[in-house]
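I keep these notes for a reader who is new to this structure, in the order in which I looked things up.

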Amino acid sequence: MSQEEEYFKKIEAEQKAKLKADQDASAAAQAEIALKELHFHKCGKCGHDMNTEVYRGVEIEVCTKCQAVLLDPGELNTLAGDDNSAWISSFFSVFGGGYKTPDDDT
Ligand SMILES: [Zn+2]
């Protein structure tokens, strides 16, 4: 095989790899959309529909079947108020100690 042929073969392989990567990314994006459509406003515990209700001025999703509650990012902090030293920090410490005091780094 000539050098020129090898060069074009290499280019072709790179283009194929790029095309494949683009297709994979597109498929992943479509799968994500399908997943969202399938589960949007559905309870994560029992699969029934969620109802939007206002609780203490915050819009929360409540399951129509099992009453499980779904909060958007930040809503837990809003509902808990400024007092993040009490129950909320103990809540997060259950999940791997996300809240650290400055003394923990020494
Ligand atoms: Zn439910």
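I take strands (E, at least two residues) and helices (H or I, at least four) as DSSP runs numbered from the N terminus. I note that this is a predicted model, in which local features need pLDDT of at least 70, side-chain atom pairs count only at pLDDT 80 or more, and totals for chains, interfaces and linings use all residues. I number residues from 1 along each chain as its sequence is written.

I then looked up how E2 and strand E3 (residues 69-70) are joined, and found 2 bridges in an antiparallel arrangement, with Val62 opposite Val69 in E3. I count two strands as paired if DSSP finds at least two bridges between them.

Next I turned to strand E1 (residues 50-55), which pairs with strand E2 (residues 58-63) in the antiparallel sense over 6 bridges. I saw that Tyr55 stands opposite Val58 in E2, and that in this hairpin, with 2 residues between the strands, Arg56 takes a positive phi near 50 degrees.

**Whole protein**

I listed 3 helices and 3 strands, which follow the pattern α-β-β-β-α-α along the sequence. How many of the residues count as buried (20 or more other C-beta atoms within 10 Å of a residue's own, the C-beta atoms being placed from the backbone)? I found 1% of the 106 residues. Lastly, I looked at contacts (C-beta atoms, placed from the backbone, within 7 Å), and among those between residues at least 6 apart in sequence, 4% join residues at least 24 apart.

Conventions
Buried ≥ 20, exposed ≤ 12 C-beta atoms within 10 Å, placed from the backbone. Contact = placed C-beta atoms within 7 Å.
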